[in-house]
Amino acid sequence: MFKITYQDQYRDRFLKSGPIHFSDGSVVTPGEIWEYLTTTAPRKYPYAFESNVFFGSTASNDVLLPSALKNTYLNLTLSERLDKLKAGGGHVAFIQGGQAVDPYTAAGFVALRPALVGNWNRGRSNGRSVAAEELGRKTDKERGYKNISFEACNTAGYEFIHEGDLPIDVVAPFSALRCSDISYSLEAHRHGRRKTEVPLFLADYPLRHQSKKEWAVEYFAENLRKMVKQFDRISGRTTTEKELSGAIKFHNKGRLLAYELADVWWNAKLPPTNGLDRSALFTMGLLEMHGDPIATLDVLSEALELVKERVQNSVKAPGVSDDPKRLFVCGSCIHLDEYYVEENGGIVVGSDNGWSQCCAFVEEEGDPFYNLAKATLSYSYEQSIEERVAWTVEQIRKSRTDGMVFLYNWGCNTQSAIARPIADSVKTRAGIPTMVMENELIGLKPEQQLNRVAAFIEML
Ligand code: SF4
C-alpha cells in the first residue's frame, strides 16, 4: 500500500505534452492539468491517491507517462464536467449491456455505463478519506439492495437514478447476455419504489448465433432506430442517418487506435505501462469512459505515440517486475487490484469485457443502423460459450498470457454460471492455468484477492 504524489521535478516534462480538447469546444492545458492533479484533486479526492485495501487506486503512479496522468485527470473531473453539461442543457443516457456508444453520440447524448454513474455521484462528495469513501460506497450499495433487490449485483448505480440523485434523461440498456442486473433494475424502476420516473428504453438483443441470422440483424437494427427516436423525443432534435454514419466513423477511429495500441503493448519485450494504465488506455478505444468522446480520443491518440516511444527505447513501467507473470482477466464489471498484482510479481495484460466491443469494427458504407446492429450482435463476449472461448484463447495467445483469472461479482448471474466452463475450456485449449474467483463489489478486498491471486502468480 502506498501514496501517489506527482513531484515538482517532473512538471516541466509533463508541460511539453499536448492539451486536451473537449466536446463543448473548451481546452485544458497541461499546466492546468498538473495544477489540478497536484493541488485541487488531492484535497477533493484524497482517497484516490492511495493504493489501499478497499478499492485500490484510480490514480496512476507513472508520472513519466503524460497520458496516464491525463486519464487520471479525466477520471477525477468526470463529476464536475457532467454537472456542468447538465446545467448547460446537455443530455445523459444510462447504458448497460456492453454496447458501443455510436448511436448515443449521434443523437447528442452522453452515454454512461454503471461505473461512471457511480463515479458521477461519488465525485460530488469532497475530502473523503479512504475509510469515509468506503463507508459511502457501502451506504450506496445498501440503498441499492433495498430499492432494487438483494439478489442483484447492484453494480450499476440505479439507486442514484431511483432516488433522483442524478439527472439522467433516459435509461437505455441492451438486453445482452452478459448482465442480469438490467432486468432487476429496469423492473424495479418500472414497478418499485422510486422518487423520480426516468423514461426507459430496452434494446432487445437476440441471442445464439445472432450475427449470422439476417432476421436478427434487421430486428436489432429496428430496435436501434426506435432507440434513437426515443432520444430525439427527449432532446427535441432529429438525428439523421448521416449523423450516425459520422459517429460510426468517429468511433471506429477510437477502436482502431486501441487495437493498434494493444498490438504494440502485447508485443513489447517489457511492459511499457503498468496494468492500471494499460487497462485504461485499451478501454479508451470505446471513447465512452470519460463522458466526453472527443477528450478521450485526444488522450488515446497521444498515448499511442508515447507507448510506441517507450517500446522502441525498451522502457519498462515503474513498479513492474523484470519478468512479470502475465494475467488475462475474464468477467464483467470487475478487475483485479493492479498494483497488488504488480507487488506480487504479476501484471494484468488484458481482459475480455470491453475489449470484445473494441475489436468489433463497424462497416462504414451502407445503412448505418444495419451495420451497427451487425457489429453489435457479433461481440465475442455475447456469443455461445464455445465462440467466446475461441476468441478468448486468441487474445490470450496474442497477449502472451501465462494464466487466466475469471472473476465475477456476487449477484452477476450469467457470468457466475458460465465462469467454470469457460475457465476449463480455456485451460484445455490455451494450455495455461486458470482460476475462478467470486468477488463482492464493496468492503475489504476479499481474502481471495489478497491470498489466492498472490498464490496463483507464485504458482505461475
Ligand atoms: S456485474 Fe454482472 S450483473 Fe452486475 S452490472 Fe455487471 S454484468 Fe450486470
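## Basis

The model is predicted: local features need pLDDT of at least 70, side-chain atom pairs count only at pLDDT 80 or more, and totals for chains, interfaces and linings use all residues. Residue numbers start from 1 along each chain as its sequence is written.

## Overall build

The protein chain holds 18 helices and 11 strands. Both are DSSP runs, numbered from the N terminus: helices are H or I with at least four residues, strands E with at least two. The radius of gyration, taken over C-alpha atoms, is 21 Å.

Of the 460 residues, 50% count as buried. Buried means that 20 or more other C-beta atoms, placed from the backbone, lie within 10 Å of the residue's own. Contacts are pairs whose C-beta atoms, placed from the backbone, lie within 7 Å. Among contacts with a separation of 6 or more, 73% link residues 24 or more positions apart.

## A four-stranded sheet

Four strands form an open sheet in the order S9-S8-S10-S11, with parallel pairing. Strands pair if DSSP finds at least two bridges between them. S9 (346–351) and S11 (434–439) are the edge strands, each pairing on one side only. From one strand to the next, the twist averages 30°.

Helix H17 (residues 413–430) packs on this sheet. H17 touches S8, S10 (403–409) and S11, and its direction makes about 175° with that of S10. Such angles run from 0 to 180 degrees between N-to-C directions, with axes fitted to C-alpha atoms, for helices over the stretch in contact.

S8 (residues 325–330) runs parallel to S9, joined by five bridges. Arginine 326 has isoleucine 347 in S9 as its bridge partner.

## An enclosed helix

Helix H11 (residues 275–283) has nine of its nine residues buried, so it is largely enclosed by the rest of the structure. Among the buried residues are Asp277, Arg278 and Phe282. Their cover includes H3 (66–87), H10 (241–267), H12 (293–312), H13 (338–343), S9 and H14 (355–358).

## Ligand shell

Around the ligand are 13 residues, near it by the criterion that the C-beta atom, placed from the backbone, lies within 6 Å. Cys153, Cys179, Ser332, Cys333 and Cys412 come nearest.

The shell divides into six nonpolar, five polar and two charged residues. Nonpolar covers Ala, Val, Leu, Ile, Met, Phe, Trp, Tyr, Cys and Pro; charged covers Asp, Glu, Lys and Arg; the others, Gly among them, are polar.

Terms used: Contact = placed C-beta atoms within 7 Å. Rg over C-alpha atoms; globule rule 2.2 N^0.38 Å. Buried ≥ 20, exposed ≤ 12 C-beta atoms within 10 Å, placed from the backbone.
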